[in-house]
Amino acid sequence: MPEFDVLVIGGGASGLRAAIAAKRAGASVAMLSKVHPLRTNSALSPGGLNAPLGPDDSPEKFSRDIMNAGDGLCDTEAVSVLAAEAAREVVWLERVGVPFNRDADGRLDRRPLGAGSVQRAAYADDRTGHMVLHVLHEQFQREDIPCFQEWFVTSLIQDGGVCTGAVALGHRSGQIETFGAGAVVLATGGSTQLYRPCTAAAGTTGDGLMLAYDLGVGLVDLEMVQFHPTVYSAAQTVLISEATLSEGARFVNAAGDPLLDAAGLTRAQLAAEVHKAGRNGGGPVSLDLRPVDNLTSRFPTAAELVKVMAGLDITRDPVPVQPVAHRPMGGIETNAAGETSVAGLYAVGECAHNGLNGAGRLPGNTLTEAVVFGKRVGEAAAGHAKSAGARDGDGSGASADGERLAGITSGGSTGDTMGAIHRELGELMNANLGVARTEAGLAEAQEKIGALQQRHAALRVNNQSRIYNYALTGYIELGNLLKLAEATALAARGRAESRGAHLRSDHPEKDDSNWKAHTVVRSQDGAPKLDTRAVSA
Ligand SMILES: Cc1cc2nc3c(=O)[nH]c(=O)nc-3n(C[C@H](O)[C@H](O)[C@H](O)COP(=O)(O)OP(=O)(O)OC[C@H]3O[C@@H](n4cnc5c(N)ncnc54)[C@H](O)[C@@H]3O)c2cc1C
């Protein structure tokens, strides 16, 4: 059985940063990732990453903006950590090679994103995530950290209440292997594939959330899902950075008349306004990018993708846009050091809820969160692993998972398909747990999710091979999404108020006396149970 001090699951920005930090803290480290690290969601970020870099900014101002976007649900320790450490991390990224744009004086240039009070996002044209990920991957390789890529983690190992490793299926070998570890870091990304359409990469299926949930760890604020207001959506989606709005782009109706003023609105408010405008009968809402100076050199990726996917020229044509599911604010319950309620198990990045984002994330904070908390959590996991005793895993997790996978591939076909179930789930989530929600819609969603779960349970994968059997891992991913949908609908129905990204038309007001609290869903006797916990000041 391969053994390491720290096992990082996930090769996006947060996993890479955690692995580098754990190795530099003296731990033996390995990474497991179901796709190659350079093919993760992190590469898709166009806009930038926030840090208080200029003389007009400060950690205090940054904290205030984060709390404003979080609409009462931010835990202050995580906010203080991010605000204090963001600038150092961005400067480190620049020193190790990220080609950030510079201003006329040669300093790191900053662009405004969303409702921040100052220009705060360091950026590399509209390829920021791509650049950050490549540079992190280069640093990761320099540390000579073993990377088990195309290994799909199927379960975590828990021994005496302590997490001691993980079980994974190697796509290439078809082998199921147990990996022992003194500490495990989940950096598995989000769950936006719950929705159709969505902006996220295909593997964003909430696997890490379900791995933790199955060990009894709570999932916090799942009802808080951010919709991005400027997405072209047809067969494929193209996210056009919100930075275009602060550089002059405007929302227009079918006749080309201006529709709404985006200034000062949080992303949640903007998504709600665009959603409303799209339903007012004035035809599709479009983004007119022509007023942006140097449009194609500042936003080259958007220009190219809109041309290829929509056949439109952004220098001439307004682009139809709509709010599209983008990122969850909720996730695996952790403290600001990434510790979960299970000793030895940590979580970081988009899969985690450490209290930073509350009910709404400040645009440009996700990459910053990934690197700032990636470093902290990697160091904390390395510290834990040093003090943890020897691991003596027996491989029984691998045989149990082998039997589980064999069960999925044995038996006849029901005529149903995973594609149909996933499509119906995504459309249901979009309709009933989208930008605006109602009690009736949420109740209907719960019922229909239950029916989809039954169809999934009856389904079998015909291919019995384990080698590159994406239908097999796809089955597990879809099962994870359905369980997560069940928990999300429960949390959304429970929160009888409107706050941040959670808009209830039947409870349009914010209700601080009852709901200035986090929702927490835990698995109890095989069913999700909803609880609440106070926001920490
Ligand atoms: C279109 C788009 C635009 C964005 N724009 C911005 C922006 O401008 N600024 C910003 O700050 N943020 C932005 N974001 C958000 C940001 O890119 C991501 O939230 C962030 O990079 C997530 O990083 P992560 O490391 O947590 O997860 P990811 O990058 O999603 O990585 C997850 C990793 O986990 C692995 N994994 C998952 N499940 C398993 C499993 N079962 N077994 C093994 N491995 C597994 C995957 O293979 C992957 O390597 C954007 C996101 C999208 C989709």
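Q: Which element gives the largest share of the shell around the ligand?
A: In this predicted model, helix 1, strand 2 (29-33), helix 4 (128-142), strand 7 (151-159), helix 5 (207-213) and helix 10 each supply at least two residues of that shell. The largest share is four residues, and these come from helix 10.

Q: Which residues come nearest to the ligand?
A: The shell divides into 15 nonpolar, 24 polar and four charged residues. Of the 43 residues around the ligand, the ones that come nearest are G10, G12, G47, G189 and G349.

Q: At what angle do helix 1 and helix 10 pack?
A: Residues of helix 1 (residues 13-24), including A18 and A22, meet residues of helix 10 (residues 365-387), among them G374 and G378. That contact splits into 13 nonpolar, three polar and three charged residues. Helix 1 passes helix 10 in a right-handed crossing. Their axes sit 7 Å apart, and the angle is about 35°.

Q: How many of the twelve residues of helix 7 are buried?
A: Buried here takes 20 or more other C-beta atoms within 10 Å of a residue's own. In helix 7, R267, A268, Q269, L270, A271, A272, E273, V274 and G278 are buried. What covers them includes strand 11 (225-233), strand 13 (250-252), strand 16 (322-328) and strand 21 (503-504). So helix 7 is mostly covered, and the count of buried residues is nine.

How values were computed
Residues numbered from 1 in each chain as written. Predicted model: local features only at pLDDT ≥ 70, side-chain atom pairs only at ≥ 80, totals over all residues. Contact = placed C-beta atoms within 7 Å. Axes fitted to C-alpha atoms, helices over the stretch in contact; angles between N-to-C directions. Left-handed = near helix turned anticlockwise from the far one by under 90°. Nonpolar A, V, L, I, M, F, W, Y, C, P; charged D, E, K, R; others polar. Near = placed C-beta within 6 Å.
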